[in-house]
Structures are given as structure tokens and as C-alpha cells.
4 protein chains.
Amino acid sequence: MSRTSSALGVAVIGHSFMGKAHSQAWRNVNATFDTPKVAMRVLVGRDAGTVEASARRYGWEASSIDWRASILREDVDIVDICTPGALHAEIAIFALEHGKHVLVEKPLANTVAQAQAMAEAASAAADAGVVSMLGFNYRRVPALVLARDLVAAGRLGELRQLNIRYYQDWLVDAGSPMSWRLRREEAGSGALGDLGSHAVDQVHYLTGAKVSSVSATSKTFVSRRPGAAGDEEVTVDDAIWSTLELDNGAVATVEATRMATGRKNSFRIEAYGSRGSLAFDLESLNHLQLCDSGAPAGEQGSKTILVTEPEHPYLDGWWPTGHVLGWADTFTHEIRDLLLAIEGNTQASPSFAEGLEVQRVLSAIEHSAANNCARVAPDPVPVT
Amino acid sequence: MSRTSSALGVAVIGHSFMGKAHSQAWRNVNATFDTPKVAMRVLVGRDAGTVEASARRYGWEASSIDWRASILREDVDIVDICTPGALHAEIAIFALEHGKHVLVEKPLANTVAQAQAMAEAASAAADAGVVSMLGFNYRRVPALVLARDLVAAGRLGELRQLNIRYYQDWLVDAGSPMSWRLRREEAGSGALGDLGSHAVDQVHYLTGAKVSSVSATSKTFVSRRPGAAGDEEVTVDDAIWSTLELDNGAVATVEATRMATGRKNSFRIEAYGSRGSLAFDLESLNHLQLCDSGAPAGEQGSKTILVTEPEHPYLDGWWPTGHVLGWADTFTHEIRDLLLAIEGNTQASPSFAEGLEVQRVLSAIEHSAANNCARVAPDPVPVT
Amino acid sequence: MSRTSSALGVAVIGHSFMGKAHSQAWRNVNATFDTPKVAMRVLVGRDAGTVEASARRYGWEASSIDWRASILREDVDIVDICTPGALHAEIAIFALEHGKHVLVEKPLANTVAQAQAMAEAASAAADAGVVSMLGFNYRRVPALVLARDLVAAGRLGELRQLNIRYYQDWLVDAGSPMSWRLRREEAGSGALGDLGSHAVDQVHYLTGAKVSSVSATSKTFVSRRPGAAGDEEVTVDDAIWSTLELDNGAVATVEATRMATGRKNSFRIEAYGSRGSLAFDLESLNHLQLCDSGAPAGEQGSKTILVTEPEHPYLDGWWPTGHVLGWADTFTHEIRDLLLAIEGNTQASPSFAEGLEVQRVLSAIEHSAANNCARVAPDPVPVT
Amino acid sequence: MSRTSSALGVAVIGHSFMGKAHSQAWRNVNATFDTPKVAMRVLVGRDAGTVEASARRYGWEASSIDWRASILREDVDIVDICTPGALHAEIAIFALEHGKHVLVEKPLANTVAQAQAMAEAASAAADAGVVSMLGFNYRRVPALVLARDLVAAGRLGELRQLNIRYYQDWLVDAGSPMSWRLRREEAGSGALGDLGSHAVDQVHYLTGAKVSSVSATSKTFVSRRPGAAGDEEVTVDDAIWSTLELDNGAVATVEATRMATGRKNSFRIEAYGSRGSLAFDLESLNHLQLCDSGAPAGEQGSKTILVTEPEHPYLDGWWPTGHVLGWADTFTHEIRDLLLAIEGNTQASPSFAEGLEVQRVLSAIEHSAANNCARVAPDPVPVT
């Protein structure tokens, strides 16, 4: 494909864990996939010294501590927001209003109200040809794209049961210290928003259905932790359990915890339909289990597919069969898709509206957990 | 150990799936374990011809169609009840009142009221030295005994999360026919009673805690199935999902389904504590996963233990290391324990009172599922 | 099927590990499978007191210390030999010459010469309608029967590579004591005969091919072990490795060791053909892995089959789907097949001739290992 | 660490599979690890147009079709050779003689003679402070570094048995076409050199021992394949099997095949010692199995370690716990180590001398396979 020589300029806001991971993806996307060219213009942070060091390290042309000025640069076309969630709305809306394409790390925002405002800004910007996308990177795990494709093709028949569990264990030790992630006013919620948001997004992604109602329980197992000035109260959940009814008749369980000893980053999915089933674990992200109940009697079973064939999603850009990908490569896929959406002037997915839908479900889960597990519908009323 | 020469006489009531499995255990228990001797006196059924054939086949001295007369035989000391659940109460109470030791297949009964009456009869009989036991055979899977022992020894620290899922798939096909198991008046419930009862019993068994409250959802995915006279309504659940709060502060999920395509008899358990975790699947019943979070940094992980060492529960009666056991061998363990309780005149476990406790939890799950998932406590009031 | 009322009388010679396992199978076969009835007449051992205790325990009508007299009993039709290998030939030939059907535990004998004499006796007896069978019980693991059936049906296409490894670890500790199993004059060989014989038999069984030539290495890692009177020399192999060329063009590796730390009874098989592949591990004996290279692009993978369906070999005699079998159940299958061969007056398999073929391959492996790994053909000349 | 501002200039020779993978590593190394800075000066290929496109795509400053001139550039300090093996010797020796640091993709060369010449050149250059390294990238898989560290620390006790198998399946189809990889004159050998070289290198790496002798079998299952001008003869091996005796008393099997249906890139390693064992499969490269035979009786088993902790080799440069790496990331590790060796003026490993040692073993395997499997020692005599 012949493309114009001018590259799309990129600014990344934020340079810790996510900023580093996104930087790697920006660095590698053109070498891996056939997309518009990118130029890594500026990395933005709060402290001039550290962000300059990061920028040099990660391959950026420049660094800045002024996110507004960086967004307004003429040579910046795309703004990639990797800040904590509380800042997402302000930055994203500013960028969209100034005609810049926007990628926002998940979750979309800390509140439904912020998410609603962002979705409205994205919708308005879309009319002007501005692309926005939310960074649920697990939609770019090849095995999960394959899973979604199999479901969409009817290979599982009528989908009935879904189990999604995001288990980590970094809070197991009751003596581990207090942090901002454990304070409601800063983090919004605990395992629910951090891990559960991925799980709810996958419910939407894999099934194409909407959540009709939820019932949920939440728990904080360790209620006080050592802070800088003595013990502090933990004001977010350590774990949540929820049962979701979907509008296609299926039932999904969504669980998230930071207390699952021995599970490091175990995002497990099982899906059961009338004709087949699927299973996945992020700790083995190149594998997908597939069971086809139409196999001959005596030969049924779950098949382990190593998702590294050229026929598999995104794999044609990488290596020959059998050479496994890593977690960070999903961001390269994400950015590929963003660039192709910009080039083709099509809607990117997940959109901010899809992110808002996730926030509504998370909010309903919180509501149910606070109300004796009562089954409730996600609030459908636009927050204004 | 020297024992008197007279054997304990046994009557088994019922000779289909469970009657056959129990017969094998009665046949093998003396060859495998050092217990009082047994004599297989009589197998009882409804049809004279078929029960006589079964009796000859399974090694019984005689057959009968009169369960009362069989129980009253002077040479019968133990009555083993393998009938459908609706008959458990009448037969068990009759046997206990006549001074016979009783083993009842799970679940204890179809209703809390029946279970309550049985527990009272068992309690009265115990005062007279009569032993009663409920047949939750998964308490006799060596890997699960090991799991319980590890939990009890504090090897998992403070137990926080438990997931128990009993998944089968024999109802996946919407065209498979109606049967008595799908009618509420005969079966009591669907996956809940059949599979969920094992799960709830394991919650009690593994943790030693009681269930404080439950919230649950249930679902019948295929609401009508072909019967002898046209389509019939399915009046039991295909699947249930529940979240249990325990009186030790832990949270347990209990799920049961007959719709999990590809899961044949998958009774999976995960337990997470502050110092370790465990995992088990009945489809690989000789294995237990154990994670110890106290392992050196860089060497943590879940260990797969093949539970076939002489040190493992029940294994000293069987074969050398590495020679795996099967599902049916758990009944041999169960009967061994019953015989030793009779010999030692001690209480067998699980007792009818423990079975009643399971029924109360199942009843609470039904209640919550019928009431918008509201969290409810199992009814503590004796039903009279 | 209607059968005459008279049962086939059985004598088992030997009452340690194998005698106990066979006794269980004789006790259970009629309850499980539709075969001629058996009567457990007599258990034979060396010490009157211990064999009498074993007989009572395992359900035998009588015990004896005279194997000849026991074999000659009029009410004994079948002789099942569970003694150490050195005694197999004398007892089996005696029984066959007196018209008794014979089952011999593997390996057939300690030497090719003995095996040859046994095969000749079996052949002569067969002309008189006397059935003989060798007890390679892994031919009765349902998953391996399924594997053989799939190979025979061409589901793997042209078979090219086979790996068979029998790994145990009970000799890992260099301080574990000397025993008869480690002396060549008593045991014949070490891992080779004990474990390797199963492996070589499976090469024959799974492929239907013959071994054209072998190259082998053997090793004794711990050359001296503590005996009753000080350190003794270990005169058998701890481990062997061999590469077999088969007459169908395939290559098979056969490995056996008692030094594989952590492998308790790991008999692993992998088979690769032009259209598919298989994998199996005895430690999970209810599972078979099957890969079909004809699956659609992007959906290839190895399927884990739980071999507990009614369609699977031997499973119709047991329990419903998903209820796993144990190691000892394979002997019940073996005896079922023996009884059906006797009833139908057909040749049982594996025959003594097949056992002789295994001995020849084992002998060639020893020869190669002693001769610088030189590739040699199993000696085809009858030993006389 | 303060470093001079001038970056080390790099030239990569070759831009197909390996050139692309190495380019990604050069692009990412400074963002991931604390090493000297690199500048991606020039990518070298045979065709001006395609190499220029590759250079732009992969992030190189320039492209060239003149490898000598590129090496001689003043701003090039490191030459990374990703050409077919037949060209390694000439290019590497030229670069070394001109004082450039050299990284060569494995295998070192196609012949022992070439490898010998390269080792001599590297040795001479080392005296002048020039670093050379061979690219066996599986030495940079964190799980295998952990494995080596555990062996070296004595955690497995005395190492006795090692199994290394490299299985792929891309030649399973007898109708797949002829290629240069199947002609001896171009490829040197088949699975032996391509896959077996990794296996032999891991024998050296994991054990620290040397190979005393080998016995081997090789096989070409499909002897003719369709070429451009009709069927052509395949002149390399499809598969090899070998048994290696090591100078520390251990025995290692090394197998390599391109015919293992369903194995895409399955490089499996098992190591058994007197105190523990290990297992690994490249298709799950973030996991290592570890068994410690010193665990309490009843709790022994193989532990699955997810090798993504900060304490694990190379992981401190990447992401938080539980975020898995991919195959290509091993090259980033490799280049990190090369850069640190250059900076510290220390010998990099594996050295060309180590590569030569691998070639000698491969040559011995070929020799044994061609000589009736006779056990032979690798030729210790320098080839001159």
C-alpha cells in the first residue's frame, strides 16, 4: 500500500508502567504491521527530570510537563493517555475538542459521570472525523480474538454460561503497606475497577450481548494496613463476586480478587454453549482451549490451540508458527488497530461508549454489593 | 488386631448405579483394609427377578423385595440405603429404630423436614450405640482428605476464598428427553441437589466453618423437553450460582450445572488462604495442587501432588506409590470408616446432622434464587 | 446370554502385590462384565500361615502351599501365575501340560530360553483348546486401547515416531538399601525387564509392527548399596535408553528408569504420524491426548479426551460418563478378556509368543548396550 | 551509572526472519535495560530495494548491500550476523579482524572446520579487547536461566538424566515442497543442525559438563519431495535421536524432528538429579517445573513456577509480576548481555569456542548415525 510520507505524530501522557508499555508499542508497530507511519513526538509527565530520562530511554523525540501544550502541538495527531484514571476525562476531552485522535488506557474513568462526559465528547468528535479508542488491551490477545470469532461464528451454538475471573495475589500479606490504590477517593474502587473492568469488557466483547442485571458481593479481607502515619483503613474492595444476566439469556459470573495466593495475573475465561466451549488463562496467553461437542462419540475433548499460526489474528505481522508472543505485544496490536481506524476513518473499538457501558455495569455491581446482593439493572439513564 | 469371628451382616436397599457401586465396596473392603469382617446378606429391590439377578452378579447371598423384612433379619447389622432420595427418611428411620446401623447415600433427603426427622432419629439411636452415616463419598477422595488436613493444620493460613464448581454436561442438548430428574416433585431440585449438595458439603468439610448467609441465582436454560406424551415443562434448575459467607470470614462460591459442554464430571475446588492455596478436579482425582506462599522468592508456584503415597489417606490399604485409584474406590474408603466407627462405637462423619446442615444451605440457596438474589441466612430453626 | 451354571475354578499362585491385585479382579469381574462365572478356589503361597491369612482376606475358598496339587485339582480350570519371574516357566508349563488355562504376569520369563519353552508349551496346549495369556495389563487401559484403535483405523496416518518412557523414582536415594531386584541372578535385569518390558510390549501393541533392530545404552548410577552385610554391588541397570527401528519404517524410543525424581509411575507414550498424534501418561490414566492434523487451519491442537464414555473400551461395564477408573481396574479388564477367550475358545492376546517377542527385543537391547550401542536385530532363531 | 554519550553503532547483516527479530531487540534494548546506548546504523542485504524497505520498516538509519563496507564504517562498532550459516565464517572473521565486536546467529557455522576458524579468530580478537558472542537465544529464556542457576546451586543434587527434545511439525506433509533447507550442500544437515544445535547447547549450558561420547540414529521419512523441476531427493535428516554420555556421569538424550505432528515449536527439557528435577517447554516459555525431593513426605510434587517475578533473570527490566514475555524478548536479553560484556570488556557467553564444541558434538552425532549407532567421542583434535 502506498502511503503519504508524513507520519502521524504521537504524544503519550504518563510514563510509568502503562506509559512504558505503550512506548514500546509505538516503537514497534511500524516494524510489525503495515500501518500509517508514526513519529514519537513527545512524552509528557509531571517532573521534568524524570520524564526527560524516560523520553530518552523509550525513544521519544522530546519530553514535556505541559500536557495541554503537548496536545496542541501541530505535529501531534494522536494523544495516548496513560495517566491515573482520575485525569482521563479532562485530558481526553481537551484533546478531542482540539481535533486530536485519542487513545485512553482502561478504565475509561473513575466515575460514570466522567465516562458519560467522555463518551459524549467522543461522539461529537467522531462527527468531525476524530477517532477515539479505549485501551482494553485484552481485546488484542490473539487467543481471545479467536475466541470471540468462534463465538460470533456460532461455533459454540447458543452461549449459556460464562465465567470470567481475574485473580491476582499481591495483597495476600496482611502486613503489606497502605497505598493510594487502597483508598476509595483516589482509586475509585479496588479489584472491581482495576481487574473487574477487564472482565466486564470481555463479557461484552466475547458475547456481543448486554448486561441486563447483576447481583454481587464484595469483601475487604484486610481492613487496616500500615500507612506512613500508623494503620490506615482500607476503603476499597479486596475482592468481588458477581452474577450477571445477559440480554441473550446467558449467565456470566465475574470475579476479581487481589487475594488469590499463587495466581499472579490469572485472567481466566470459560464459555459454555450448546455446541461447544472455550477456556483461556492470561498466564498462558498463547493458548486457547476449544471443545466441540459435535466431535464423534468417544473423541470429544478440549483441544489446546497454540495461537501462533499465520491464520490467527495479528500473527501475520510477527514470527513463524510456534514462536509465542508476550503480554506487551497486545499493545502493538491495539495501536495497529487505532492507526488503521484513523487511516480508514472508521470507528475504533472499544469506543468510549463501550467503556461507559462497562462503567455502568461496575457501578451496578457496587450498588448490588452495598444492597444485600439485590439483583439490579445497570442504570440506563444518561448521567448529565 | 484380633477380632471375633462373627461378621457384620449387611443389607443394601437399591441396586441401580449406587447399589452397584456400594456392592463393589462391600465386596472389597475386607481385602483392602483392616476392619471388622462383613457378610453380604441381602440386596433389596422392587422387582424380584431383576434384584435376584443383581444379587447374584454383585455377590450377595440373597435378594429380597421386602425392605422391612430384610432390615429385621437377625443376621443383618448394617443397612445401606441406595434408593432415590424420597425414600431415605422412611427406611433410615425404620432401621435406626430397630437398632441397625445405617449408611445413607447423599443427599440425606429431598426436604429439610425429612432431613430433620432423620437427624433426630440418628441422634436418638446414637444414644443406644447405633451408628449412622451419610454417604458424601467425596470426603473419601484421598486428595480431598489431604486438602482438608492441610487446611486444618493451618498450611493455608487464614482461609479467605473458596470456589467449588460441579460441572457436568449431560443436558446440553436441548433435544434430550424429559426424565424424572427434571421434575421438581420427584427430584426436589436439579443441579442444586444432585451436584450442589456435594459442593456445600465440601465447604463444610474443607473449612470446618458454617455458612452464615447465601445469595444465589438459578436458571433453567431449556424450559421444555420432549416427553412420552409431547413436550413437558422442566421444573428444576439446570444450573445455580451462589456466593456464601462463612462464619470464619471466608467467602465461598458454589456453582453447579448440567450444561457445561465438555465437562463430564468436573468437581473443581480452589481454596485461597493467607499462606497458601489448593486446587482439585475430580476428573483427575489422584492429584492435588498445593501452593505455599512461604516458598523462597522466585520459587513459588503450585505443586502437583500425586496422592498415591503410603503417607496419604487410605493409601496404605492399596498399591505401591504411583498406582492411581478410581472413583469407585472412594466407597471402599467410606465403608471402611463406617466399619471402624461401628467397631469403636464412635460417631461416624458426615452424620445425619451434618447432612441436615447441607439441606438447610441448599434450601437457603433456593430461597435466595427465588427472591431476587437477596442474601439470606440458612434457617436455623429446627423443623418439627 | 445364558450360561451353564458351573463356574470356572481359579487358582492364583503368589499372593504379594500382584496376587492381591489379581484377587481383586477375580472378585469383581462377574459383577462388572458379562463373562462366564468364576469360583475363587485356591490361593497358593510358600508359607502356610501367611497364605491362609491372605486367602481369607482376599476372598478365596482355600489356601495351599502346594502349587502342583492346586493346579491338579479337578475344580480348578484356570491357573493365574503371580510369582517372581524365575518361576513362571516351570509352573506355566506344568499347568498347560495338565490342560489348565493359564494367565502369567509379565514379564513372561527372565530369559529368552524360558520364554521360548513357554511359547512352545502354549502352542501345543492351544491345539487342545487350552488358552494361555500374558498379563501386560496396560493393554487393558481404556485410553491405550482407544489409542491402538485410532492407530489401526489410520487416524494418525503413516506412523513415524513413537516415544515410550517408563519413569519411576524409587531408587533416587543412593542410600536406599540393596534388594533382590538389584541382583542380576534373581531379577534378570533392572529397569529394563521390569519397566522396559511394558514399553516394548506397547510398541508392538500400538503399532502392530515388529522391531527390526535396536541400539541401546544402559547405566547403573549407584553402583553399590548398603546390604545386610555391608555394601553390595548393584548388578542390574538403573536406566536404559534405546532407539528401535520398526519394520513399518517408524522409529521408536524406549526408555526406562528408576531414577526420575518426581515421576512416581509415569509411563508416557507419544506417537506421531502423518495425519495425527497421540499422547498418554499412566499417572493420568483416564486421559488421552489426540491431535488431528486435518483440523481447519487455526484450530489445530491436541485434544484431551476423558476416556470414560460408554463408547470407550471396557467402559460399558462400569459407571456413567466421567467417573474415572483406577490402575487396578485394568486387571478386571484383563480377566474379562481371558474368560471370553476361554468361553469362545479363541486365542487370547498377548500370547506367550508375543511375550517371547518382547523378551527377544529386551535381549537385543541388553546386547547392544553391552556392545558400544551397535545396532542389532533381535535374534530370530528359536532358542532350543 | 554514568556513561559516555556516544552510542555504540550497530550493523546487522541479513534481514529476513532473524534480521527482523534482532532489529526488534536492538530497537528495544535501551528502553528495557540499563546498558550502553546503541545506534542502529545500517541494515545489510543482497537486494538494494528490499533491504532499504526493511531498514525503514525496522528503524535503521541506512541500508546497504555491501557487508564489507558496512562493517568498515567508522561509526559501526558491533556487527550482528543473521545470514544463512554458510556465510557466518567469512563475515565474522572479517569483522573480528577489523576490530568489530561480533554477534553471530546460531549455529556458529555449517562445518567444524569453519567453526574452528571462527573460534580461533575470536580468540585472537579477544586479546585485543574485541568481544564475540554466539546467539543461542534460548540461553536467555528466563525460565532456562533459572533452571541453570538451580542446577548450579546444587538444588537438583547430582544430575543424572537429561532429556532434550526439539520437536516441530512443518515437514509432516509428504507433499510439502523441496527447499534449500532440505539439501545437504546448502543446509549442512536437517533437524540436527537447525534444532539439535539448540539442544546440544542446552546440554552444555544446563549441566556445565562436556559430552564424552554419543550414539545416534537419524532418519529421513520422506525421501523425495516435489521441486521446481519434478521430484528431488531430500539429502538431510528429518529427525535424529541420540544418547550422550557426559563427563560428569550423567546421560542426556537429544532428539530433534520436523515430523512431530502437533508440536509447533516444542523445545522440551527434563532434568533429573538425586535431589530434584526440572521440566520446561518452549511453547510455555514463562513456566518452569521444579520438583524438590526433599519436600515432606506426602507433599512432594512438581511445582509450576511462573517466571515473571522481579527476582527472576532479566525480569527487572520488564513489567510487574505476572505479565508474560514472548519468544522475541529473548533477543533483547541476548543483546543486553552482549552490550554489558562490551562495556565491561569481559568474555561474552556462549563464545565461539562454545559454539565450536556444539559443532563437534553435532558432527559426532552424524558420524555415529552413519556408522551403525556406534558410540563415539566428539573429535577433540583441532581441525586445521
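Select A:Asn345. This residue sits in the loop between helix 9 and helix 10 of chain A. Helices here (H or I, at least four residues) and strands (E, at least two) are DSSP runs, numbered from the N terminus. Phi of A:Asn345 is near 50 degrees, a positive value in a residue other than glycine.

A note before moving on: this is a predicted model, where local features need pLDDT of at least 70, side-chain atom pairs count only at pLDDT 80 or more, and totals for chains, interfaces and linings use all residues. Residues are numbered from 1 along each chain as its sequence is written, chains are lettered from A and ligands numbered from 1 in the order in which they are written, and side-chain values use heavy atoms, with hydrogens and water left out.

Stay in that loop and pick A:Pro350, which lies between helix 9 (329-344) and helix 10 (352-369) of chain A. A cis peptide bond joins A:Ser349 to A:Pro350, with omega about 0 degrees.

Now go to chain D. Select D:Pro107, in the loop between strand 5 (101-105) and helix 5 (112-127). D:Lys106 and D:Pro107 are joined by a cis peptide bond, with omega about -10 degrees. Then pick D:Asn345, in the loop between helix 9 and helix 10 of chain D. Its phi is near 50 degrees, a positive value in a residue other than glycine.

Next, helix pairs in chain C. Show helix 5 (residues 112-127) and helix 10 of chain C. Their axes come within 8 Å and cross at roughly 165 degrees. Axes are lines fitted to C-alpha atoms, for helices over the stretch in contact, and angles run from 0 to 180 degrees between N-to-C directions. The two helices are therefore roughly antiparallel (under 35 degrees counts as roughly parallel, over 145 as roughly antiparallel, 65 to 115 as roughly perpendicular, the rest as oblique). Which residues of helix 5 of chain C meet helix 10 of chain C? Among them are C:Val112, C:Ala115 and C:Met118; partners in helix 10 include C:Phe352 and C:Leu356. Contact means heavy atoms within 4.5 Å.

The axes of helix 8 and helix 10 (residues 352-370) of chain C come within 9 Å and cross at roughly 120 degrees. Helix 8 and helix 10 of chain C are therefore oblique to each other.

Zoom out to chains A and B. Here 43 residues of chain A are in contact with 43 of chain B. The area buried between these chains is about 3,300 Å², with 47% from carbon and sulfur atoms. Buried area is the accessible area (1.4 Å probe) that two parts lose on being put together, summed over both. Eight salt bridges are found across this interface. A salt bridge is a side-chain nitrogen of Lys or Arg within 4 Å of a carboxyl oxygen of Asp or Glu. Select B:Arg268 and A:Glu270: their side chains meet in a salt bridge (2.7 Å, N to O).

Compare chains C and B. They bury about 3,100 Å² between them, 56% of it on carbon and sulfur atoms. How many salt bridges are there between chain C and chain B? The count is zero.

Last stop: D:Lys219 and C:Glu245, whose side chains meet in a salt bridge (3.6 Å, N to O). D:Lys219 lies in strand 8 of chain D and C:Glu245 in strand 11 of chain C, so the pair joins two chains.
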